[in-house]
Amino acid sequence: MTGLTRRDLGKLLGATGAGISASAIFSPFAKAQAAGKVVIVGGGAGGATVAHYVKKEAPALDVTLIEANSTYSSSFFSNLYIGGFRTLASLNHGYAGLRKIGVKVVHDYATDVDTTKKTVRTRSGKTYSYDRLVLSPGIDIKYDSIAGYSRAAAAVMPHAYNTDAAQKRLLKRQLEAMKDGGTVVMAMPNNPFRCPPGPYERAAMIAHYLKTKKPKSKLVIFDPKKAFSKQPVFVEAYDKYYKGILELNLTTDIDDFSIASVDPKTKEIITKAGKKAKADVANVIPQQRAGEIAMKAGCTEGDWCPINPENFSSKKVKDVYVLGDAAVAVEMPKSAFSANSQAKVVAADILAELAKKEKFPARYRNTCWSLVAPDDCVKIGASYAPKDGKLDPSGSFVSQRGEDAGVRKQNYAESVGWYDGIVADMFAKTVSGQPATKKG
Ligand SMILES: Cc1cc2nc3c(=O)[nH]c(=O)nc-3n(C[C@H](O)[C@H](O)[C@H](O)COP(=O)(O)OP(=O)(O)OC[C@H]3O[C@@H](n4cnc5c(N)ncnc54)[C@H](O)[C@@H]3O)c2cc1C
């Protein structure tokens with residue numbers, strides 16, 4: 001477990017919020033008296049954590065987790081697979097731990113929610129009734145946000161930006177099959193999207209792969225934005241490690257590097273500024289929206305789901321919570337860390353609601369680490385509390401240019417410990433002595 005103690009893991013995950021103990025957030029009276037049915041759709045960073053905490057804190061509750069896949073392939077740390085720092089298998093997690101504590105895990109696809117009858121219907125024709133419903137379906141890719149892109153085009157120009165392991169494998173295999181001297185093109189998304197630093201960490205990981213395995217090759221990046229998360233330290237790393245390999249085209253007042261169209265037959269990408277690139281490998285990351293079930297439940301306004309920041313209950317539908325990437329929590333980035341932190345507040349709120357007991361003030365936390373080169377990892381983070389209908393950030397921090405190599409190496413060790421900790425926390429796993437990183 002990379003030498004980290006449970007206490008260290010608790011600190012990395014922000015415990016049950018920003019430094020609040022479990023006993024403070026989960027009232028012992030609510031634990032004992034909560035009764036009823038909780039249904040959770042989506043067994044990822046948000047949903048699996050809610051299932052774990054609700055069942056652990058109130059074993060008498062009937063908790064059903066509806067998750068489409070029997071194996072969760074995490075998006076977080078998938079860039080490290082692309083870069084050659086982890087195997088694809090190391091991103092896989094099952095649901096045995098949650099079953100063991102009594103969560104009813106159902107592998108099925110939720111197709112509809114009847115918010116009057118308080119039921120969820122699934123593709124296999126089953127119906128589940130709830131007292132409280134939790135939706136953490138993550139994102140759906142908006143294929144039509146780029147002319148020429150589609151689900152079929154993604155089989156040629158992968159986005160590799162959701163929990164589909166096949167997409168990640170496809171991108172990696174395409175890089176491996178590319179000739180030395182080839183061109184990789186990345187099309188970046190516009191805000192808001194899953195994991196704001198994610199595409200830029202991916203750029204570093206692809207450039208690292210090219211530098212070490214195919215040094216005559218190039219990575220061309222088209223970005224519709226003028227600025228992005230952790231930009232100063234990413235740009236510093238791109239210059240320091242990947243000069244001559246990585247070309248970053250950010251939109252300016254003069255040039256618009258949004259993608260005008262892609263052609264999966266020729267692998268051509270054309271920007272609104274008229275710049276064309278013919279890719280050997282194209283990684284196209286389109287716009288995104290809340291997972292479809294959130295729309296079916298009537299929780300969306302536009303693409304995302306407005307929530308009350310005190311507890312992530314839906315602003316639109318009673319007795320429904322929406323958390324993780326699907327929720328509008330503007331100030332908090334769409335990250336696994338955020339979803340896991342929100343989940344503990346949601347779990348505590350459900351217990352207090354069902355037991356009609358006192359609620360405690362919500363506190364949230366986020367940290368996002370990004371690996372930019374071997375042993376060089378940067379981070380950004382903050383704590384959040386509800387204030388005036390928003391999430392008020394405090395104690396924010398971000399890596400600085402020119403930092404000591406020792407600091408960056410320590411950041412990497414922290415990130416690896418965080419990964420082990422969050423997946424144990426999501427899936428009610430016992431943390432094993434297995435090493436978290438494998439070359440592959
Ligand atoms: C390349 C990349 C790198 C990232 N790096 C980091 C990082 O370093 N740190 C970090 O904190 N975050 C990172 N993230 C972001 C992180 O993966 C997400 O923010 C997080 O997974 C969101 O959690 P969630 O519960 O909202 O969705 P998910 O974790 O995606 O879980 C959603 C689950 O719901 C299921 N589902 C959806 N609809 C249905 C349905 N109708 N019926 C049944 N099941 C359904 C899906 O199968 C999925 O398992 C990264 C993301 C990417 C793409």
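Residues are numbered from 1 along each chain as its sequence is written, and side-chain values use heavy atoms, with hydrogens and water left out. Because the model is predicted, local features need pLDDT of at least 70 and side-chain atom pairs count only at pLDDT 80 or more, while totals for chains, interfaces and linings use all residues.

The protein is assigned domain 1 (6–138 + 291–427) and domain 2 (145–286).

- Domain bounds come from an automatic or database domain assignment, and the C-alpha centres of domain 1 and domain 2 lie 28 Å apart.
- The contact between them takes 36 residues from domain 1 and 33 residues from domain 2, where contact means heavy atoms within 4.5 Å.
- A nonpolar core is a set of buried Ala, Val, Leu, Ile, Met, Phe, Trp, Tyr and Cys residues joined through side-chain atoms within 4.5 Å; buried means under 20% relative accessible area, exposed over 50%, and partly exposed in between, with a 1.4 Å probe and protein chains only.
- Not counting residues up to four places away in sequence, Leu 219 touches Val 184, Met 186, Ala 203, Ile 206, Ala 207, Leu 210, Ile 245, Leu 246 and Glu 247.

**Ligand shell**

- The side chain of Glu 67 has an N or O atom 2.7 Å from an oxygen atom of the ligand.
- Arg 194 places a polar side-chain atom 2.7 Å from an oxygen atom of the ligand.
- At Ala 68 a backbone N or O atom is 3.1 Å from a nitrogen atom of the ligand.
- On its own the ligand has 1000 Å² of accessible area, and the protein covers 96% of that; accessible areas come from the Shrake-Rupley method with a 1.4 Å probe, and for residues only the protein chains shown count as cover.

**Helix H4**

- Ten of the eleven residues of helix H4 (residues 47–57) are buried.
- The buried residues of H4 include His 52, Tyr 53, Lys 55 and Glu 57.

**Two buried serines**

- Ser 370 lies in strand S23 (residues 364–373) and is buried, with a relative accessible area of 2%.
- The side chains of Ser 370 and Lys 230 are joined by a polar contact of 2.7 Å; a polar contact is a pair of N or O atoms within 3.5 Å, and within protein one must be able to donate a hydrogen and the other to accept it, with residues adjacent in sequence counting only if both atoms are side-chain atoms.
- Beyond four places in sequence, the residues that Ser 370 touches include Pro 197, Glu 201, Phe 234 and Asp 376.
- Ser 370 and Gly 198 are 172 residues apart in sequence, but their C-alpha atoms are 7.5 Å apart in space.
- Ser 415, in helix H12 (residues 405–427), is also buried, at 2% relative accessibility.
- The side chain of Ser 415 reaches the backbone oxygen of Tyr 412 at 2.7 Å.
- Leaving aside neighbours within four places in sequence, Ser 415 is in contact with Phe 77, Trp 369 and Cys 377.

**Backbone geometry**

- The peptide bond joining Asn 191 and Pro 192 is cis, with omega about -5 degrees.
- Pro 192 is found in the loop between strand S11 (183–187) and helix H8 (198–213), and Cys 195 lies in the loop between S11 and H8.
- Cys 195 is not a glycine but has a positive phi of about 55 degrees; Cys 195 is partly exposed, with a relative accessible area of 24%.
- Ala 428, in the segment after H12, has a positive phi of about 50 degrees although it is not a glycine, and is buried at 17% relative accessible area.

Conventions
Helices (H or I, at least four residues) and strands (E, at least two) are DSSP runs, numbered from the N terminus.
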